[in-house]
Amino acid sequence: MKRIILTGGGTAGHVTPNLALIPKLKERDWEILYIGSYTGIEKKLIEDAGIEYVGISSGKLRRYFDWKNFTDPFKVIRGYFQARKIIKKFKPDVIFSKGGFVAVPVTMAAAHKKVPVVAHESDMTPGLANKLSAPNASRICCNFPETLKYLPKEKAVLTGTPIREEILTGSRERGLEFCGFEGNKPVLLVIGGSLGSVKVNNAVRSILDKLSEQFDIIHICGKGNIDEKLSNKKGYIQFEYVDKELKDLFAASDLLVSRAGANAICEILALKKPNLLIPLSQAASRGDQILNAESFEKQGYSMVLKEEDLNDESLLNAVRELYDSRDSYVEKMKSSVLSDGVMAVLNEIENAAL
């Protein structure tokens with residue numbers, strides 16, 4: 001039996017590709033351990049998947065001034081030594097890193113212990129964590145052809161992003177029942193991201209009365225973002241986070257409004273759901289979501305509304321326009337050549353472990 005350590009965390013986008021790989025790794029009798037942060041969203045997701053989880057110290061990697069920039073490096077150093085001990089005890093054949101701040105000390109420790117690392121970059125341009133991990137990786141998988149030019153040529157391979165099989169197996173009937181909807185209206189699913197999105201949440205709620213004239217609305221708003229005043233509003237249901245029932249909510253939905261994280265948009269593409277992307281602004285991120293959204297808009301897979309242009313009127317008009325032209329988006333998505341990366345990434349993992 002071969003052994004693998006999976007790592008990655010901070011947001012759901014750094015965990016879901018790992019979740020997509022786990023069933024296939026189990027089928028091939030791999031023994032799996034996950035290294036994440038102490039309290040990140042990855043902890044519950046991985047434990048719910050029945051995988052042993054070990055938390056380590058980790059520091060966030062920031063591009064802006066923050067006093068924590070002076071203390072977090074010490075957390076990374078501590079995490080590095082913790083990861084070394086875990087690797088020494090578990091003796092993995094390979095480590096798969098999905099990025100995020102927790103992956104940096106793990107990949108550094110892997111290099112010290114001479115354990116091969118396969119990393120994965122979902123976005124158009126590599127994130128800081130993957131840039132720091134790149135010297136320690138033997139292979140770096142990526143999602144977009146455009147990403148290859150940003151990666152070391154001898155390590156880069158285009159694989160696509162691993163997609164969770166279960167998201168494609170949902171039931172519209174179960175989804176409607178779960179939400180208490182009768183199915184008389186088209187369903188709009190709003191996903192603010194695993195950490196939620198205050199701007200998107202506020203914009204949706206400010207036009208809720210007008211939206212609910214045409215749609216039933218499912219709103220995944222992020223932890224701590226439930227608006228109790230709207231708890232009993234007919235045709236509207238809100239969740240902080242959804243796990244097992246998400247596949248049924250996808251199946252029940254006719255339109256999606258989402259941020260433009262790479263994993264999220266690739267799952268939307270696999271589902272062939274007409275979608276409106278509202279990428280994080282350049283001011284709030286490194287701009288990766290803007291590039292992702294522009295790529296999908298150019299290919300005809302998505303409608304895009306810039307966060308800077310987000311207001312009550314622009315959101316309402318965009319949702320209505322998307323619904324009216326939904327069939328054209330579905331047809332474009334059906335012609336996509338982007339593929340599920342599970343098997344391609346799995347092959348890289350197995351080759352690295354030889």
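**Figure 1. Aromatic pairs in the predicted model.** In this predicted model, the count of aromatic pairs comes to 5. One of them joins Y34 and Y53, whose rings are stacked, with 5.8 Å from centre to centre and 10 degrees between the planes. This pair links distant parts of the chain, since Y34 belongs to strand β2 (residues 31-37) and Y53 to strand β3 (residues 52-56), 19 residues apart. Y34 has a relative accessibility of 0% and therefore counts as buried. Y53 is likewise buried, because its relative accessible area of 12% falls under 20%.

**Figure 2. The edge-to-face pair of Y80 and F81.** A pair of aromatic rings is described by the distance of the centres and the angle of the planes. For Y80 and F81, the centres are 5.0 Å apart and the planes form an angle of 70 degrees, an edge-to-face arrangement. Y80 is buried, with a relative accessible area of 14%, whereas F81 is partly exposed, with a value of 45%.

**Figure 3. Arginine side chains over aromatic rings.** Two close-ups present R3 with F90 and R326 with Y323. The charged end of R3 sits over the ring of F90, at 5.3 Å from the ring centre. In the other view, the ring of Y323 has the charged end of R326 over it, 3.8 Å from its centre.

**Figure 4. The loop residue N225.** N225 is found in the loop that runs between strands β9 (216-220) and β10 (236-239). With a relative accessible area of 18%, N225 is under the 20% limit and so counts as buried. S197 lies 28 residues from N225 in sequence, while the C-alpha atoms of these two residues are 8.6 Å apart in space.

Figure 5. Rolling a probe the size of a water molecule over the atoms shows where empty space is left. The structure holds 1 cavity of 30 Å³ or more, and the volume of the largest cavity is about 50 Å³. Its lining is made up of L19, A20, P23, K24, R164, E165, E166 and V342. Helix α1 (residues 16-27) supplies the largest share of this lining, with 4 residues. Classified by type, the lining comprises 4 nonpolar and 4 charged residues, and no polar ones.

Note on methods. Residues are numbered from 1 along each chain as its sequence is written. This is a predicted model: local features need pLDDT of at least 70, side-chain atom pairs count only at pLDDT 80 or more; totals for chains, interfaces and linings use all residues. Side-chain values use heavy atoms; hydrogens and water are left out. Helices (H or I, at least four residues) and strands (E, at least two) are DSSP runs, numbered from the N terminus. Buried means under 20% relative accessible area, exposed over 50%, partly exposed in between (1.4 Å probe, protein chains only). Rings of Phe, Tyr and Trp (its six-membered ring) pair if their centres lie within 6.5 Å; planes under 30 degrees apart count as stacked, over 60 as edge-to-face and the rest as tilted. A charge sits over a ring if NZ of Lys or CZ of Arg is within 6 Å of the ring centre and within 35 degrees of the ring normal. On a 1 Å grid over the protein atoms alone, a cavity is a set of points where a 1.4 Å probe fits but cannot get out, and a pocket is an open set with protein on both sides within 12 Å along at least five of seven lines; lining residues have an atom within 4 Å of a point. Grid points are joined across faces, edges and corners, and a volume is the space filled by probe spheres set on the points. Ala, Val, Leu, Ile, Met, Phe, Trp, Tyr, Cys and Pro count as nonpolar, Asp, Glu, Lys and Arg as charged, and the others, Gly among them, as polar.
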